[in-house]
Amino acid sequence: MRVGILGGGLQGCCLALSLAERGVDVTLFDRNPRLLSRAAVANEGKIHLGYMYANDPSHSTARLMMRGALAFAPFFARHLGLATDSLTVSRPAAYIVHRDSQRTPDYISGYLAAVHALLHEASEGKRGAYFGRDLADQPRKWSTEQREAQFDPQIAVAAFDTPEVAIDPVALADMLRDRLSADRRIDIRLSHEVLSVKDAKSLEVAVATPDGVLSERFDHVVNALWDGRFAINEKRGLLPGRPWLHRLKYGVSFRLPAGTALPPSATFISGPFGEVVSYEDGLTYLTWYPVCLQGISDQIAPPADWPTYPPDPLRSHLLNGTLQAMAQFVPSLRNLDAGKLEDVTVKGGVIVAWGQTDIYDPASELHRRFEIGVTSTGCFHSIDPGKLTMAPWFADVCADRIVGDTGVG
Ligand SMILES: Cc1cc2nc3c(=O)[nH]c(=O)nc-3n(C[C@H](O)[C@H](O)[C@H](O)COP(=O)(O)OP(=O)(O)OC[C@H]3O[C@@H](n4cnc5c(N)ncnc54)[C@H](O)[C@@H]3O)c2cc1C
């Protein structure tokens, strides 16, 4: 059996590993000259345990995210030969209630406690699965003194400890590229733009290559194209009957000068705020929604000219604007001179999600992310990972479906 995987982001790469592990030969197509070059490396790397989704009172998003999160490190432990606690992770995030939050501190406190109870249940028998971390402690509310020491207390009106961490997606991508290219079952085709998937005797994938248009047949095809997914599905009459949004969002990362106090990792909820992701070695990632959200589109595919690496003056605007906004309420960021930071990267990517209105609207569907995953129509499968967090688990779900379907493995 041969499987064609469309898209070499994290979802496509995880699926290639899952299928190869089950004894299936795969061909992985990507239009870029390098695997893992788009959203897979332009994200913040938070491995969501569900705390972020306080505007989904059904808790369905939290339940799904923790399932993905608990499968994340074990997947890479299996495929990269690492112990679950050996991937580098950020300092755990404090959840901060912004004074303009769509939810009150009491509501957030209750929500975090409810998610913790769900996490307790979900992690039973999976000790150490979340990067070797202890998930037993309930999110703890910070004292006023503690909050005042780290944030402007007028803006950060409540703070809670959580065990939630982020991984560095760039470091993960480097390890994965090496791993995939060494796997004899995985045939990688770069600079191959997928044009269509047609029904022939088997499924026929047409690709534009530097040598012209070629087609190849497969027993199963999986669409893991992320922001390119709807365009291919539409040609197969598989367009969803509901609105979606493509959003272009940027983040800024840099290394703090030696000797600088590390900022806390912090996630501001609920609404159009931002995050600080802080690593022990000084690597710092910042995003502030009002500055970093730079495009929104309800078209079949996002505009082709949305840049991953923005040119100046946009780059400087993103760097300085984000730093200034966050420094207003995270004092440890105040004395940084943007011009003197090392390893500065300003990078963005597309976020695909169901919805019609932006997150400024508390009722926006963007606050709920549980309607994602693998959809199969015969031997054609389409994966909406929804989040980086979910890619390894959905890869195993899809691989099991394909292998179960044919008996291979
Ligand atoms: C700024 C930002 C922050 C984020 N933060 C988080 C976070 O903290 N936690 C989290 O869980 N998630 C986060 N996400 C979401 C996460 O990055 C995505 O859900 C996930 O990376 C998408 O899957 P992917 O990696 O496969 O996508 P991609 O990396 O975009 O992979 C899709 C691949 O398909 C290729 N492609 C597209 N169209 C075609 C075509 N026609 N032919 C051939 N190839 C094509 C592209 O080149 C690309 O390599 C964030 C996203 C952004 C943008």
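Predicted model: local features only at pLDDT ≥ 70, side-chain atom pairs only at ≥ 80, totals over all residues.

Colleague: What should the span of helix α3 be, and how far apart are its end C-alpha atoms?

Modeller: Helix α3 covers residues 60-80, so at 1.5 Å a residue its 21 residues should span 30 Å, and this agrees with the 31 Å between its end C-alpha atoms.

Colleague: Is α3 mostly covered or uncovered, and what is it followed by?

Modeller: It is mostly covered, with 15 of the 21 residues of α3 buried, and the helix is followed by G81, whose phi is positive, near 65°.

Colleague: Switching to rings, how many aromatic pairs are there?

Modeller: The count comes to 15 aromatic pairs. Another pair, F230 and W244, is tilted, with 4.4 Å between centres and 35° between the planes.

Colleague: Why does the pair of F230 and W244 tie together parts that are apart in sequence?

Modeller: Because F230 lies in helix α7 (residues 229-235) and W244 in strand β10 (residues 244-255), the pair joins parts that are 14 residues apart in sequence. Both F230 and W244 are buried.

Colleague: Which residues do ring pairs link into a cluster?

Modeller: That cluster consists of W142, F151, F268, F273, W288 and F329.

Colleague: And which ring does the charged end of R103 sit over?

Modeller: It sits over the ring of Y107, 4.3 Å from its centre, while the charged end of R236 sits over the ring of F380, 4.6 Å from its centre.

Methods
Residues numbered from 1 in each chain as written. Heavy atoms only, no water. Phe/Tyr/Trp six-rings, centres within 6.5 Å; stacked < 30°, edge-to-face > 60°. Helix = DSSP H or I, 4+ residues; strand = E, 2+ residues; numbered from the N terminus. Buried < 20%, exposed > 50% of the residue type's maximum accessible area, 1.4 Å probe, protein only. Lys NZ or Arg CZ within 6 Å of the ring centre and 35° of its normal. Expected span 1.5 Å × (residues − 1).
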